[in-house]
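Before you read my comments, please have the sequence and the coordinates open side by side. The points below are meant to be checked against both.

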Amino acid sequence: MAGYAQTGKQPSFPVEKMAGNKIEHRIVFQLTTDDTLAHKALMKQLNNILTVSPDTNIEVVCHGPGLSMLVLGKTTVQEKIQQMKMKGVAFVACEFSMNERNVSRDKIIPEAGFVKAGIIEIVSKQEKGWSYIKSGF
């Protein structure tokens with residue numbers, strides 16, 4: 001089975017994709033809080049991850065109150081998001097959350113992308129073997 005060790009038994013977790021001896025990490029973060037201290041902490045965590053494992057694929061899914069981290073005039077970490085995006089981190093806004101909060105696309109920072117449903121994006125990433133981390137305190 002692709003993505004699993006060839007032991008004859010299906011492991012309870014997917015084996016990480018490896019290139020040579022190098023492990024390629026793939027992490028999807030879920031952000032659901034509007035706590036700006038949590039947003040700052042997330043930026044620090046992302047930087048720490050990329051310092052130790054610079055080839056890690058990371059996507060941050062912002063939905064519910066977490067959408068505020070991507071809203072122009074509300075975010076306190078846009079400069080850090082720009083820096084993280086330059087390192088390959090993807091930030092996406094949930095369109096269901098945007099509709100619920102009457103936030104139009106032009107109110108989202110230009111560094112972010114969009115997904116129809118944040119939860120479905122996270123589940124889809126997990127089904128593809130990505131690790132899941134809940135961001136916040």
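Predicted model: local features only at pLDDT ≥ 70, side-chain atom pairs only at ≥ 80, totals over all residues.

1. Residues are numbered from 1 along each chain as its sequence is written, and side-chain values use heavy atoms, with hydrogens and water left out.

2. The largest nonpolar core has 25 residues, and those with the most contacts inside it are M43, L46, V60, M69, L70, F91 and I108. Two or more residues come from each of β3 (26–31), α1, β4 (57–62), α2 (78–86) and β5 (90–94), and α1 gives the most, with four residues. Such a core is a set of buried Ala, Val, Leu, Ile, Met, Phe, Trp, Tyr and Cys residues joined through side-chain atoms within 4.5 Å; buried means under 20% relative accessible area, exposed over 50%, and partly exposed in between (1.4 Å probe, protein chains only).

3. A41 has its place in helix α1 (residues 36–52), helices (H or I, at least four residues) and strands (E, at least two) being DSSP runs numbered from the N terminus. A41 counts as partly exposed because its relative accessibility is 22%.

4. Taking a disulfide as a pair of cysteine sulfur atoms within 2.5 Å, the count comes to zero. The sulfur of C94 lies 9.9 Å from the closest cysteine sulfur, in C62, and is therefore too far for a bond. C62 counts as buried because its relative accessibility is 0%.
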